[in-house]
Amino acid sequence: MIDIRIIRENPEEFRRRIATKGVDAPVDVILQKNEQRRALITEVERIKAERNEGSKQVARTRDATERNALIAEMKGLGDKISALDDQVRQVDEALNDLLLGIPNLPDEDVPVGPDETANVVTSEGGPEREFSFTPRPHWELAEELGIIDFERGVKVAGTRGYVLRGDGAKLQRALIQWMLDVHTTRHGYSEIEPPLQVLSEMLVGTGNLPKFADTLFHDAEEDKWLIPTAEVPITNLYRDEILPGELLPIYHVAATPCFRREQISAGRDVRGIKRVYQFHKVEMVKFVRPDKSDEELKRLMSEALYVVDRLGLKYHVLDLSTGDMTFGSAHTFDIETWAPGSNEWLEISSCSNFRDFQARRANLKFRPEGGGRPQFLNTLNGSGLALPRVMIAIIENYQREDGTIQIPVALRPYFDGRDTIGKQPVFGPSAHIADV
RNA sequence: GGGGAGGUGGCCGAGCGGUUGAAGGCGCUCGCCUGCUAAGCGAGUAUGGAGGUAAUGCCUCCAUCGAGGGUUCGAAUCCCUCCCUCUCCGCCA
């Protein structure tokens, strides 16, 4: 939620900056509603003060006639009050709806542009892989090896379904385990196992609702939503609380399934597991004091990049343009990794600073050390990393000419030191069960 | 799902129609005192909103005793609905 004071202080400046996100904010209506709201509140509170004073008088008045006159007078005020309270509620609601629909302001140093074409590559790294053969896409390799079963996945879950099997499932599990270990031991995160179904207020808190309901899975009977990312339950973990300042920063990490009801256009990204309705992701969330969020964003990126680096993947970092950033973000960096078989860059992490945008929506506050008024904290989050994309990158980058996959060194401890994923037996025990 | 009990400030806990935004205690903060890692004394100690003011400081006002409605001149206190917690029963991974 945008702080309405920003709009009030300089409406034109606000209009200009929000326009870079491709949004035409109803600034005039907002200001008018706000004006109306304040006028109504001033008025109704004046009358309430009068009534409160009058009611106290009633209690003190002994004379019955005088008393009845007073009561009659106060009765009249009561009607006015409920009428005005009604109006305040309506204006409040209207104003709130308007404000909830306004995205966060981009930081001043975000590249300005209409869409992804304006994104700026800020750094790149990782090994350049040479193949003595033509690298193949993951859907071919994975299917041949029997580590991803697309056909049965679709049979069971419908379009876009997939099943990880044998070493495929194990590879994902190893990645999750290893990433969690990295973030909890090396980067100071504490691990969370959050609910995967949440109340709608939580999604309002992170900015997914009310605008993006059509991208979410929803149980209408229970008003429960499946999370599109662990960001949602974790960001809302301390909602309506005032955290002691000395607790900050708080770093949380979680590995959860993510459910996305994306409208995937036919004919695009149809092969493989790049775009699916359900996937796992390791997510990092930070709660920090406002003056620290810039440096925390850098740190968040370096934490995600550490994982990419240890997996030996080629990557580049994109500073997303104003037009390509998500609704709630003030600044976002995407990490993309090269997939030589699919022949494209894959987004494997998105690291964002939300500043106080989510904190206002979810009412996340902290009390500065040494007392003082509670203030909104800042939230950041980033993938560390998204599993299907990492799986694609590993399968395609570590493929050998014979169609087997080399296991990245960092993951070998989770494979009992094994260095190869070979063809899986479709039925029966894992080929390597004897190793255990 | 059915029955019973209950939800009050950071915590415990009074209050059950009228100077109660809320006694008392604990905790915490500041000060005083004390020759000692204690005790005592005093003061302070919620959040949001509106207005005033140069001011995120100060002042005034309003709201909030699980949430929302209702009754009343006036509600933490009475009524209704919902939510949550505990508990007994049923069901169940």
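Predicted model: local features only at pLDDT ≥ 70, side-chain atom pairs only at ≥ 80, totals over all residues.
Me: Is the crossing of H7 and H12 right-handed or left-handed?

Reply: The crossing of H7 and H12 is right-handed. A crossing takes that name if the near helix is turned clockwise from the far one by less than a right angle, and it is left-handed if the turn is anticlockwise.

Me: How confident is the predictor in chain A?

Reply: Chain A has a mean pLDDT of 91, and 96% of its residues reach 70 or more; pLDDT is the predictor's confidence in each residue, from 0 to 100. Within chain A, confidence is lowest in strand E6 (residues 218-219), with a mean of 86, and highest in strand E11 (residues 315-319), at 98. For the complex, the predictor gives an ipTM of 0.86 and a pTM of 0.92.

Me: What makes H7 roughly perpendicular to H12?

Reply: The axes of H7 and helix H12 (residues 387-397) cross at roughly 115° and come within 11 Å. This makes H7 roughly perpendicular to H12, for angles of 65 to 115 degrees count as roughly perpendicular, those under 35 as roughly parallel, those over 145 as roughly antiparallel and the rest as oblique. The axes are lines fitted to C-alpha atoms, for helices over the stretch in contact, and the angles run from 0 to 180 degrees between N-to-C directions.

Me: Which residues of H7 and H12 meet?

Reply: From H7, Gly168, Leu171, Gln172, Leu175, Ile176 and Met179 meet Leu387, Val390, Met391 and Ile394 in H12. Contact means heavy atoms within 4.5 Å. This contact of H7 with H12 divides into eight nonpolar, two polar and no charged residues. Ala, Val, Leu, Ile, Met, Phe, Trp, Tyr, Cys and Pro count as nonpolar, Asp, Glu, Lys and Arg as charged, and the others, Gly among them, as polar.

Me: Why are H7 and H10 called oblique to each other?

Reply: Helix H7 (residues 167-186) packs against helix H10 (residues 293-310) at an angle of about 135°, with the axes 11 Å apart. The pair is therefore oblique. The crossing of H7 and H10 is right-handed. In this contact, Trp178, Met179, Val182, His183 and Arg186 of H7 meet Glu303, Tyr306, Val307 and Arg310 of H10. By class, the residues of the contact of H7 with H10 are five nonpolar, one polar and three charged.

Me: Why are H3 and H4 described as roughly antiparallel?

Reply: Helix H3 (residues 27-60) and helix H4 (residues 64-100) pack at an angle of about 155°, with their axes 8 Å apart. H3 and H4 are therefore roughly antiparallel to each other. H3 passes H4 in a left-handed crossing, and their contact has 19 nonpolar, seven polar and 10 charged residues.

Me: What makes strand E1 and strand E4 edge strands?

Reply: The open sheet of eight strands has the order E1-E11-E12-E13-E16-E10-E9-E4, with mixed pairing. Strand E1 (120-125) and strand E4 (190-191) are its edge strands, each pairing on one side only. Two strands pair if DSSP finds at least two bridges between them.

Me: How do you know that E13 and E16 pair?

Reply: Four bridges join strand E13 (residues 344-355) to strand E16 (residues 378-386), and the two run antiparallel. Cysteine 351 stands opposite glycine 382 in E16. In E13, arginine 355 has a positive phi of about 50° although it is not a glycine.

Me: Why is one side of E5 and of E6 left without a neighbour in the sheet?

Reply: An open sheet of three strands has the order E5-E7-E6, with antiparallel pairing. Strand E5 (197-199) and E6 stand at the edges with a single partner strand each, so one side of each has no neighbour in the sheet. Three bridges join E5 to strand E7 (residues 224-226), and leucine 199 stands opposite lysine 224 in E7.

Definitions and conventions: Residues numbered from 1 in each chain as written. Chains lettered and ligands numbered in written order. Heavy atoms only, no water.
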